[in-house]
Amino acid sequence: MAETASGGEETTAPPNKQVVREPSPSLMAEDIRRTALESTRSVRDLVSHYRSYEDAFFNKITEKLMIVREHPAATLGVAGTAAFLLLPGPRRFLFRQTLNRLRSEESRVVRAEKNIKDFDLSVDLMVKESKKLLERAASAEAEMLDGRDRLRVSGKEIRRLKKSVCGVEAQAAVC
């Protein structure tokens, strides 16, 4: 059951199955050329888009630098304001001053009283902790003095034993 395909190639197909045709090398080469041409066109388009965006970007930067060069006083004002708002210390100062002006006198008093209570609690805790530390230091000092006394007694005992050992050795040597 050999059938001839349109390209002059012979294919065999079982009954009730579709005939599978293998593409010829010339068709494959044509597909590859077409795909390569489409790829190069798309790459060219991408490169041209990239260049246009790049030119626009650098043109904007150049324009802004020219404005900065023409208006140095305004530039310093904007830079100073930006530094004041962007740096954490000055920004915190600005927010505190602004928020304190917007608060009522009552809320300031309540907040101050709360801060005083917190401070009192903190001082009480520090006093209690310092008392405990002083007690521990006193007991450690007493323990150290007791240890020193024991060491002195032990030293005296060792010296006494040494003398007695020397005496025994001296008597043994004479015999």
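1. Asp146 and Arg150 sit four residues apart in helix 4 (residues 105-174), so about one helical turn separates them. They form a salt bridge, with the closest N and O atoms 2.4 Å apart. The term salt bridge requires a side-chain nitrogen of Lys or Arg within 4 Å of a carboxyl oxygen of Asp or Glu. Asp146 is partly exposed, at 36% relative accessible area. Arg150 counts as exposed, at 54%. The cut-offs are under 20% relative accessible area for buried, over 50% for exposed, and partly exposed in between (1.4 Å probe, protein chains only).

2. This is a predicted model: local features need pLDDT of at least 70, side-chain atom pairs count only at pLDDT 80 or more, and totals for chains, interfaces and linings use all residues. Residues are numbered from 1 along each chain as its sequence is written, and side-chain values use heavy atoms, with hydrogens and water left out.

3. The protein chain has four helices and two strands. From the N terminus, the order is β-β-α-α-α-α. Helices (H or I, at least four residues) and strands (E, at least two) are DSSP runs, numbered from the N terminus.

4. Glu157 is partly exposed at 37% relative accessible area. Arg160 is partly exposed as well, at 48%.

5. Helix 1 (residues 25-70) contains Glu30 and Arg33, three residues apart and separated by about one helical turn. Their side chains form a salt bridge, the closest N and O atoms being 3.1 Å apart. Glu30 is partly exposed, with a relative accessible area of 39%. The structure holds five salt bridges, this one among them.

6. Which arginines gather in a patch of positive charge on the surface? They are Arg91, Arg92, Arg96, Arg103, Arg108 and Arg111. Patch members have over 30% relative accessible area and no salt bridge; like charges are joined within 9 Å, and nonpolar side chains (Val, Leu, Ile, Met, Phe, Trp, Tyr) within 5 Å. Lys and Arg count as positive and Asp and Glu as negative, while His and the chain ends are not counted. The place of a charge is NZ of Lys, CZ of Arg, CG of Asp or CD of Glu.

7. Where does the positive patch draw its residues from? Helix 3 (88-102) and helix 4 each supply at least two. Helix 3 gives the largest share, three residues. Arg91 is found in helix 3. At 30% relative accessibility, Arg91 counts as partly exposed.

8. A nonpolar patch also lies on the surface, formed by Phe57, Phe58, Ile61 and Leu65. Together these residues have about 400 Å² of accessible area. Accessible areas come from the Shrake-Rupley method with a 1.4 Å probe; for residues, only the protein chains shown count as cover. Phe58 lies in helix 1.

9. The structure has one aromatic pair. The ring centres of Phe57 and Phe58 are 5.1 Å apart and their planes stand at 75°, so the pair is edge-to-face. Rings of Phe, Tyr and Trp (its six-membered ring) pair if their centres lie within 6.5 Å; planes under 30 degrees apart count as stacked, over 60 as edge-to-face and the rest as tilted. Phe57 is partly exposed, at 48% relative accessibility. Phe58 is partly exposed too, at 45%.

10. How much of the protein chain is buried? Buried residues make up 2% of the 175 residues. The chain exposes about 16400 Å². Carbon and sulfur atoms supply 62% of that area.
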